[in-house]
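Student: Could we go through this structure together? I would like to begin with the strands and then turn to the domains and the chain contacts.

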Amino acid sequence: MKKNVFCGILLALAAVIAIGSVTVLGPCVHEDGSEALCSSAGRAVLFDGCTLAVLAALILFMRKPSIRIVLFFISLCVAAVGIALPGTFFPLCRMDTMHCRAVMKPAMIILFASELIVSVCGIIVERNRIRRERA
Amino acid sequence: MQLRAEGISRRYFRKHGEANYFEAVRSVSLTLESGTFTVLNGKSGSGKTTLLNMLAGLLIPSEGRVYLDKTDLYALEDKDLSGLRNKRISVIPQGRSSVDTLSVYENILLPGILYGGAPQTEEAENWMEVLGISGLRNALPAELSGGELRRMAIARTLTASPEVILADEPTGDLDDDNTTVVLTAFQQAAKAGKTVLVVSHETDAEAYADRIYHMNNGTLE
Amino acid sequence: MKHFSLMIRNLTRRPGRTTALILLTAFLAISVFCGTIVVSSLRHGLDSMENRLGADIIVVPAEAESKVSMKNLLLQGTIGTFYMDASALKKVQETEGVGRASAQVFLSSMKADCCSVKVQIIGFDPENDFVVQPWISESLNRPLSDMEVVVGCRVETDVGNNFRIYDRSCRVAAKLASTGTGLDTAVYCNMNTIHILLQAAEEKGISHKIDTGNDSDVVSAIYVKVLPGADPGVVNNRLNGHIRKATAIRTAGMITEVADSLSGVSRTIAVLIIAVWVLALIILLIVFSMMVNERRRELAVYRLLGMSRKMLSGMILKEAALCSLTGALCGTAVGAVLVFPFTTLIETSLKLPYLTPDGGNVILYACIAIAVTILAGCVASARTASALSRVDPGTTLREGA
């Protein structure tokens, strides 16, 4: 039970990222239906969130600590990429007051940073488990 | 070194009954000399524990005084009396007396830690070995049996090596072998110049005692 | 093992109780820190707005107020495009009591040009301007050339970049410091540039002509500074009587209106903080009271082994302080994560000038939040510390409580 706490948190955060990116934490929406500059960033965030959710689900079903460490490490990398998605890898609208800059970017940075921290915690816990099992 | 009680009494107020108070200890005078192993026996409810607590500086007598050499215990400030209880008088109480967040080893070293002294690790290891609890060094009190907890409390007192040892039913939870070990340890402590008082309603300790007192209905016989 | 390690063990080996205390104190710290930052940012924003406005009176076309609230135009950057005959400037300058008068021309960009959103483009005359120029001087120490623009801090572009407005390329000459108002989302240029852009807009089918003039003869607003000693109210009335089809608005009224809204928001935040505090303090008191029974036996052991009442209450207070410190640090950190990245969201939601205090003040507010939270934890535990230090060890241990 305890060993699944971190992948549970990882999964919950990934779900918030994925659902958020298509709802309240998503890119700007133009009234006329045209695509905003930040739409690609929104799609990238959604894809990254879904990847993290899949990784978390995989960790949940894996028993071997070494495999879980590898998966946590991949999650860490995916989360690190996620931080840079809105604004660095994908453009955002050029006004600070726009939804993508005021809401999506800070929220996603916080969520992906949390995912990164949780992944690090997961790696530490699994490494300790391996040490305990060896001892 | 001398621990002396002069006419000490202790009354407890009661809401029910004929009188509105109950006298647990009645005008008891008692002198405990260093190098003696004293046993105080008596039936349950005869006032033994109340007398021990008053001698230990834990319970203020309703009347009378308690002296450690020339120091009136209850004339001292709380800070000084507490310091004295840490350095010179050690009590092994009847119930559980462990700090549950500390391991057995840490519990044994605790009196030294409280006043910032150097931990008496060698003595602690020695008494844990003698009392058969060295294997429980890192265990938490919650994992211990009643007998093991009692031996831990005894090891703590013997490690602290105070001038006065006051033990309340120290062998109550112990088997015969451990009872012998504990009482022998107390006897040796007395021979080494300590003042030892063991309160018990059993007769095991009497064989080791230099002096035996009997308590009945709050008075000493 | 020292006293401190003893406290750490007491806390770490009771994880449930310790976590509850840390969470509660963190909650207190979040409310104090976030509340203080929001209120001080609002006050800072109002001060900035007062400083930046620089004018006593604004003269706008009569129909302007029906199009857009001047307060919204200044605070939220609401787009306002309205025009009056440029001759109004001369009439304003001739009015008794008027010290300085400077005109501005407003234009709205097309959505797709630069920012996926319309921006307010403001043309001003650098020679007689006293509203924008002093502020621009902080970022650009030379006159603004034609087809050069200065952008507000919230427009995401860099100095030297080209900026397309109505298919005309403008070079970004400077970026302004934050004001916490809607002026941060505007783009500024000189009168020549704005007229070129008006012409370009005309070519795109967006007309700015008024009934009697052509493009080069229009202005959107005239900012007025009254002469020293003149009563702005009297001058305002004179302007309203003197200039046809225009309305003179006193900026003091706008600032007062904003200040009133601000004090309303501040009051609401203060009430919320007090409510959070009362609730959290009650819960803290309950948690500590529950601890009295839970720890009675443990503390009786400490007394038995020679801890004085003072040492014991000191240990309980130090434990509470340690929990509160951890909670306060976590709470302040969480508060910072909540309040700083979402500054723009808070500003646009409150619809008030909002300018985050500088680093020094933020650190000061964080220290205050931490200190106040630790104090609250200690106060809540003081009664428990006093009750527990009076525990009678003999009776307690005999009862096996």
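Student: In which sense do strand E4 and strand E8 of chain C pair, parallel or antiparallel?

Tutor: This is a predicted model. In it, strand E4 (residues 120-124) and strand E8 (residues 187-190) of chain C pair in the parallel sense, over four bridges. Gly123(C) stands opposite Cys189(C) in E8(C).

Student: Which strand order does the sheet of chain C have?

Tutor: The order in this open sheet of nine strands is E6-E7-E5-E8-E4-E3-E10-E1-E11 (chain C), and the pairing is mixed. Strand E6 (162-165) and strand E11 (246-250) of chain C are the edge strands, each pairing on one side only. From one strand to the next, the twist averages 35°.

Student: What angle does helix H8 of chain C make with E11(C)?

Tutor: Helix H8 (residues 232-242) of chain C runs at about 170° to E11(C). Helix H9 (residues 251-304) of chain C lies across E1 and E11 of chain C, at about 55° to E11(C).

Student: Changing topic: how far apart are the C-alpha centres of the two domains of chain C?

Tutor: The centres of domain 1 and domain 2 of chain C lie 49 Å apart. Nine residues of domain 1 of chain C are in contact with seven residues of domain 2 of chain C.

Student: Which helix gives the most to the domain 1 side?

Tutor: Helix H2 (residues 15-53) of chain C does, with three residues.

Student: And how many residues of chain C are in contact with chain A?

Tutor: 16 residues of chain C are in contact with 15 residues of chain A. By class, the chain C side has nine nonpolar, five polar and two charged residues.

Note on methods. Residues numbered from 1 in each chain as written. Chains lettered and ligands numbered in written order. Predicted model: local features only at pLDDT ≥ 70, side-chain atom pairs only at ≥ 80, totals over all residues. Domains from an automatic or database assignment. Contact = placed C-beta atoms within 7 Å. Helix = DSSP H or I, 4+ residues; strand = E, 2+ residues; numbered from the N terminus. Nonpolar A, V, L, I, M, F, W, Y, C, P; charged D, E, K, R; others polar. Pairing = 2+ DSSP bridges. Axes fitted to C-alpha atoms, helices over the stretch in contact; angles between N-to-C directions.
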